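Please look over the sequence and the structure first, and then read the notes grouped by topic.

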Amino acid sequence: MKDRRIGVFVCYCGGNISDYVDVNKVRDAIENEPGVAVAKTHMFTCSDAAQQEIIEDIQNEKLDGLVVASCSPKLHLFTFRAMAERAGLNPYQYVQVNLREQCSWAHRDNVELATDKAIRLVRAGIAKTRLTEPLSTLRIETKPKVLVIGAGVAGLRAALAISDLGLFVFLVEKEPEVGGWTRKWNKMFFHDQRGDDIIDMLKDQIKQRENITLFTNAEVVEKGGSVGDFSIKVRVGKDDTISLEVGAIIVATGFDVYKPAEGEFGYGLDGVIRLPEFKDLVTQSNGTINYNGRTVKNIVYIYCVGSRQFGDIDNPNLYCSRYCCSAAAYEALCAYEKNPELHQFHLFRDMRTYGKHEVLYEEARTRQSIFIRYEDEDPPVVERVKGKLRVRVHDQLTGGEELEIEPDLVVLVTSMVPRENDKLVDILKLPVGLDGFFNEIHPKLRPVETVVDGVFIVGAAQSPKTMAESVASALSGVSKSAALLMKGYVDLEPFIARIDTELCEWCEECTKACPYDAVEKVSVDGKEVAHIIESLCKGSGACIPVCPKDAIDIEGYTDVQVKAMIDALIQEAV
Amino acid sequence: MARVNPSFLDEVSCSSDFNAFACMNCGVCTAVCPMGLDLLPRRLFRYVLIGLEDKVIENTETIYTCLLCKMCEENCPAEVKIAENVKCLRSYINRKVFKL
Amino acid sequence: MAKQLFVTPYRCIDCKNCEIACSFIHTQDPQKPALPRIRAYTFKGDVHSVALCQQCEEQTCLEVCPTGALVRDPETGVIKRTDACILCRTCALACPYGNIHFDPLNKEIVKCDLCDGDPFCAKYCPSRALIWAEEPAPDLEPEMEVEGLLGEEEARYSANRCLDCGGCSECHECVNVCPADAVKLDMRDEEQILEVSSVIVSTGFNLFDAHLKPTYGYGRYPNVITAMQMDRLLSPTRPFNHVIRPSDGKRPDNIAFVLCTGSRDQTVNNRLCSRVCCMYSIKQSQLIMGALPLADITIYYIDIRAFGKGYDEFGEQAKAMGVYFVKGKVAEIKETENNNLTVFYEDIAGGDGLKDAEHDLVVLSVGLLPNIDALNLFDEGLLEADIYSYVKEIDEDINPGKTSIDGVFVAGAASAARDIPDSILHAGAAAAQAAAYIERMRADK
């Protein structure tokens, strides 16, 4: 091992670290470690002034390795990598040690041992840095084309917005018609626009765009490649399969309406219907609302059907479906508009008419809807007695009084549920959350991005949303795709697997273990060995433990490095 | 078990309209009542809205205990005209119970 | 000999303390500072002095007053204005020395009344140009070139009067000590003109001012705080390292959250739901559980609006951790012994009617209001508002973020109360639309 010149900078974090870890003691303990050329402390290493000083140290001391012991790399890894690069140091010879989240914050009760641990952590960082090598990012040219899966309101709007930016769009819809649920619906809250009008308008605009290609009756059947350069196979109609090359994928597959089990809140009884069906009844009505030839006078809405479930249900939907309270209150207003003589009873748990939707709730009340609150553990009972519907419920708002209502119609305010998308999930390798919806990287800050780079999830496929929210999310996905593709290239992290072809004897174990199909068989000097396709490898490490010859390593996280770190960690602190 | 009776409301509404629909059941009115009347006015109004006539008549005394001080009305986040409604109920009781 | 006000012009250093002292002592309403009765003047550039009523024998002012509103005190000889004054200002014109003035703010005629025998101006004159004494100040000794204005004792006393009031005295110490060289005293407001094709308005929201809900006692009871303050107490860079209550610095062990403070409430003219308060209160209660494991936490609510992805699960988790959820809006908060607080509410779910509960810290979960400053960013009336004074989205369903001005988009809580996930999505939408707008402009050229 050649002599290294490593700079180690320990951060106070303005007290966040230094209140519990004696940072000067840490500095003193490691400054004579082999390879350490500079060891200093800073009040805030991330401050511009401290960064400038570190840059000067890197240049003046001709450092070839860098350790900053500060916060979580989630916060500042890229800050310090960029700093290293500005100083002329290869950014992958920088190692961040997490002294805040993993040490000072976790051990406030014991300063002495916290300092002890900090010394070990920094030593491990130094041990790793000693074995770093300069790496470079993998640059991939991107294709200026986007695949949008699902042509509901979110998919259609996303396609238009991508086309606006001059990128090509392939829009793939499973059904023969575009428009999804929105096309089937009439007036929708919050702005009284008709769903079918909106879809027609979007469809007309799409027809005029030369850079949008729409496939209906079509399904994605295969995905290869990676961010910026995906190759996609789409089955169109029964037998045709076409190949597409795209730089990004937007998944806008939407939702399904919850189908209650037989007997759930009386579902299956004559006169018990779901909210979407009720919407149709209201649309069709002229004056009175009729169901099966009978005039409806009294309506009971039961909320949270398929949402926030409890009790002994298999795989209950624990989540709140977000749109239903507002949608039901709005539908009651529409019904009132048709027939002000109606008596409408809403059996709810919490009214979640958030933000401006509160006005819908308020208006529904003033338009004589009566809201009755049922307890989580005591849901209403719907029966048909002597040919009449009967609903029994304990009203929490009236001191738990048991009420009996004889409605002509029971409307089950059904939730949004995730679509059956197993095939697509498998093809795209998309993560699915506990609730069955696609999972984003970060619910707050990165809500449309997924762990699969270049694949974005928008609309109700990510979680229940109103139409306006789905569209906002679709456009957000467009922003992300455009930011990715309009630059023309992507740089990928170099932390990928590396095969030692001398050791490898091609046993197929690695290619079986790889979830990304990144291992192929090649012949090197007549010997069959494994080869890593750089653009596909995610550096997941799945291949490493299965290799019987220990012929695989991850760049930046080699076995030797990890072992050196472990040795450093178990060494006595002082 | 109480049968919901939507037409009871029409009976209560007299010359001045009874109107408690805007109520969002927050309970502030009950809590600010200087008389400490548990029942007035939120739950009482619910009896009317749902049509629980017996419950309303059962509470005749409470209805007359109200001072009409409008403490509740001042604090009502939904702007329900609570005192008007109580007057309306009194007029109903006058007709129904006291046969006035 | 009776005391008199002596003026020695050559001692005057033009500090105008006399004017400030005079105004201060005569001000009744802080919004309307009184016009000083005494005036500092500078003659020929470097001679300073003051002018004030001489209470002179000529008494022209007295004679011209049509209502007899000016009278001379027979004992002290001081001329005073009485309530008979009709503001005709004749006296001000008549005074040969210009020492009677009309105070336009307070709408009254003002003149020096020697502060009823204890003139304030003299007390605050640092150079003894004005003294209230029986005899004039002695002349400076001819050989003394510099007069020590204050003796050592006086100087020490005056130095101790310094309040560290925070007004910058430009001593430049901060510039000298800042290791990051971050303090610049020569920075000025700068106006820059940027040429852009599109604008995104992301001016956020205003927080409801808890003072406006007086029944909750915010500002009167020390242990009623807002959720914003609680957030500060809980943040990683928190000031005290512990959750403590303001009145005595003790760790609270029974904390209440009052939801819908300033939201869904017509008594404060906000019928809207603020959308974030339920969740931030639940978040805070979970954090408090971590910081104070033995504390009881109660959330008083009308409806729990845990509507977003994972929100309901998060709420259930709080319940499982032991947070109490009580359905009933808090009607009133009263202070009891030891600055503890009693909240009054109707226990709606329990059917128990009127109830009260004692807590040692109450957190008001304040709501979100529109930031109306956003509407003034453009020429008047151009940026349309909706009926709640949020920036209006003219086509929210299909073009979220589009405003009444072509090329101007709105993102986040400037157009409606939004939580972080929804703000981020909305901002992404605004960005996509702004980009599309710029592309269209380019294509049209």
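The pLDDT is the predictor's confidence in each residue, on a scale from 0 to 100. The model described here is predicted. In chain B the mean pLDDT is 85, and 92% of the residues score at least 70. Confidence in chain B is lowest in helix α1(B), residues 8-12, with a mean of 77, and highest in helix α6(B), residues 71-75, with 90.

**Chain B: make-up and dimensions**

- Chain B contains seven helices and one strand.
- The order of these elements along the sequence is β-α-α-α-α-α-α-α.
- Chain B is as compact as a globular protein of its length, because its radius of gyration of 13 Å is close to the 13 Å that the globule rule gives for 100 residues.
- The C-alpha trace of chain B spans about 30 × 25 × 25 Å along its principal axes.

**Chain B against chain A**

- Twelve residues of chain B and 15 residues of chain A take part in the contact between these chains.
- On the side of chain B that touches chain A, β1 (2-3) and α3 (42-50) of chain B each supply at least two residues.
- The largest share of that side comes from α3(B), which provides four residues.
- By class, the side of chain B that touches chain A has eight nonpolar residues, one polar residue and three charged residues.
- Strand β24 of chain A, residues 401-405, is joined to β1(B) by two bridges, and the two strands run parallel.
- Within this pairing, Glu404(A) has Arg3(B) as its bridge partner.

**Chain A against chain C**

- The contact between these chains involves 48 residues of chain A and 42 residues of chain C.
- Three helices of chain A, namely α6 (153-164), α11 (358-366) and α13 (467-485), each supply at least two residues of the side of chain A that touches chain C.
- Of the elements on that side, α13(A) gives the most, with twelve residues.
- The side of chain A that touches chain C consists of 22 nonpolar, 14 polar and twelve charged residues.

**Domains of chain A**

- Chain A is assigned domain 1 (6-135 + 560-570), domain 2 (145-254 + 419-490), domain 3 (258-398) and domain 4 (493-555).
- The centres of domain 2 and domain 3 of chain A, taken over C-alpha atoms, are separated by 32 Å.
- Nine residues of domain 2 of chain A are in contact with 14 residues of domain 3 of chain A.
- The side of domain 2 of chain A that touches domain 3 of chain A comprises four nonpolar, two polar and three charged residues.

**Domains and a sheet of chain C**

- The domain assignment divides chain C into domain 1 (4-137), domain 2 (199-204 + 370-444) and domain 3 (207-369).
- Between domain 1 and domain 2 of chain C, the C-alpha centres lie 58 Å apart.
- Three strands of chain C form an open sheet with antiparallel pairing, in the order β15-β16-β17.
- The edge strands of this sheet are β15 (332-335) and β17 (353-359) of chain C, each of which pairs on one side only.
- On average, neighbouring strands of this sheet are turned by 25° against each other, direction ignored.
- Seven bridges link β16(C), residues 341-347, to β17(C), and these strands run antiparallel.
- Leu341(C) has His359(C), in β17(C), as its bridge partner.

Definitions and conventions
Residues numbered from 1 in each chain as written. Chains lettered and ligands numbered in written order. Predicted model: local features only at pLDDT ≥ 70, side-chain atom pairs only at ≥ 80, totals over all residues. Pairing = 2+ DSSP bridges. Axes fitted to C-alpha atoms, helices over the stretch in contact; angles between N-to-C directions. Contact = placed C-beta atoms within 7 Å. Nonpolar A, V, L, I, M, F, W, Y, C, P; charged D, E, K, R; others polar. Domains from an automatic or database assignment. Rg over C-alpha atoms; globule rule 2.2 N^0.38 Å.
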